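Here's a quick tour of some charged pairs and a bit of strand pairing. Have the viewer open while you read.

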Amino acid sequence: MRNRMDAYWRAANGSTRKALGFVPLAPSTIGTFLRSFKFGHVRQLDAVNSRLLANAWAAGAGPKPDEELVVDLDSTVTEVYGKQKQGASYGYTGVLGYHPLIATRAGTGEVLGSRMRKGAAGSSRGVLRFIGEVLATIGRAGVCGPVTVRADSGFWSWKLIDKLTKAGVGWSITVRLVPKIKTTIAAIPEEAWTTIDYTRGGHAQVAETIYTTGKGKQVRHVRLVVRRTRLADTAQAAMWPTWRHHAFICNNTLTTVEADRFHRNHAVVELAIRELKDNGLEHCPSGSFAANGAWLACAVLAHNLTRWTGIIGLDGPIRTARTIRNRIIALAGALVNRSGTPTLRLPTDWPWAHQFHAALTTIRALPTAGPP
């Protein structure tokens with residue numbers, strides 16, 4: 001049955017190949033191709049993504065010379081089915097799958113780096129080498145302004161902070177509420193807390209202090225910003241009668257309220273990961289770990305191409321990847337034969353035809369990238 005389907009696919013796409021300029025592959029052929037990948041091939045795909053990022057930024061998608069680049073660091077669980085998936089296992093979520101690292105650009109949703117990992121890998125597994133490669137990637141892409149890395153408590157480690165500080169990169173990282181952190185928070189005087197507009201029907205305040213840790217030459221004094229929240233005087237308030245605390249350390253010069261707002265915006269990384277999964281990473285299809293690593297790299301490539309289409313080709317606010325894909329890329333058409341010439345006909349009443357033409361004209365006018 002599969003052989004007959006592949007034969008039908010090749011026969012039906014003979015003219016499509018002439019019109020599009022490339023060979024449309026059957027699904028099973030793509031699977032065979034991916035299974036031929038080794039770890040070295042996956043790293044080559046990562047290099048392709050890095051070079052394309054530099055080309056896209058040179059074409060106008062990158063940050064302005066004095067603009068701050070915020071890198072959001074996170075990990076996600078990619079679900080798989082079947083017990084024969086190489087490297088897949090149950091992690092902290094109880095879901096069978098992989099646990100890749102993802103670094104995204106705040107404000108645009110671009111993926112700056114990705115790394116496939118086994119499902120049982122901890123959040124910070126391999127993060128030092130990974131963040132080093134991400135910083136090298138954006139450096140080659142020509143970033144000139146300040147760079148700040150945001151992360152949650154799963155990545156809190158002094159080795160990571162030392163690496164970022166040595167590279168001249170800012171950081172804003174959530175800390176775990178270990179006993180020493182709790183003691184430091186408890187020592188903050190009441191008059192130091194500032195009320196902020198954070199929750200509906202509740203109370204939220206922020207304050208900051210200096211967190212001191214280490215001994216001798218290894219002693220550290222870092223800025224600790226704390227946000228505490230509590231429900232209003234309602235029936236549910238009895239469930240949380242005291243303050244709940246969220247703390248992070250940072251090395252920026254923002255005010256306490258601004259630093260808290262800036263750190264809370266780290267949540268945008270979840271939107272980028274959601275779009276990445278919507279673009280093909282919802283599941284890893286192969287039983288080979290290297291093939292799934294290639295699948296991740298290809299998903300990142302497709303995601304970034306979509307984001308760059310919106311950044312460079314479209315005016316106005318940055319749209320979601322699904323909107324760009326549905327309006328500009330997944331355009332319905334029919335391939336017809338006109339006097340022996342394959343012709344692609346597009347709908348004349350497409351509601352976003354003007355956006356399609358504007359994006360196509362802008363992208364076609366871009367200069368051709370030179371050799372890497």
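Let's start with R43, which counts as partly exposed because its relative accessibility is 25%. Keep in mind that this is a predicted model. The partner to look for is D46: the side chains of R43 and D46 meet in a salt bridge, at 2.9 Å from N to O. D46 has a relative accessible area of 17% and is buried, since the cut-off for buried is under 20%. Both residues sit in helix α4 (residues 39-61), and being three residues apart there puts about one helical turn between them.

Next up is a pair that reaches across elements. R115 and E133 form a salt bridge whose closest N and O atoms are 2.4 Å apart. This one links distant parts of the chain, with R115 in strand β6 (residues 111-115) and E133 in helix α5 (residues 127-140), 18 residues apart. R115 counts as buried at 17% relative accessibility, while E133 is partly exposed at 22%.

Then there's R325 with D278, a salt bridge with its closest N and O atoms 2.7 Å apart. Here too distant parts of the chain are linked: R325 belongs to helix α11 (residues 321-329) and D278 to helix α9 (residues 268-281), 47 residues apart. R325 is buried, at 17% relative accessibility, and D278 is partly exposed, at 31%.

| Salt bridge | N to O distance |
|---|---|
| D46 and R43 | 2.9 Å |
| R115 and E133 | 2.4 Å |
| R325 and D278 | 2.7 Å |

Now for the strands. β2, β4 and β3 form an open sheet in that order, with antiparallel pairing. β2 (78-79) and β3 (89-90) are at the edges with a single partner strand each, so one side of each has no neighbour in the sheet. Zooming in on β3, two bridges join it to β4 (residues 96-98), and the two strands run antiparallel.

Methods
Residues numbered from 1 in each chain as written. Predicted model: local features only at pLDDT ≥ 70, side-chain atom pairs only at ≥ 80, totals over all residues. Heavy atoms only, no water. Pairing = 2+ DSSP bridges. Helix = DSSP H or I, 4+ residues; strand = E, 2+ residues; numbered from the N terminus. Salt bridge = Lys/Arg side-chain N within 4 Å of Asp/Glu carboxyl O. Buried < 20%, exposed > 50% of the residue type's maximum accessible area, 1.4 Å probe, protein only.
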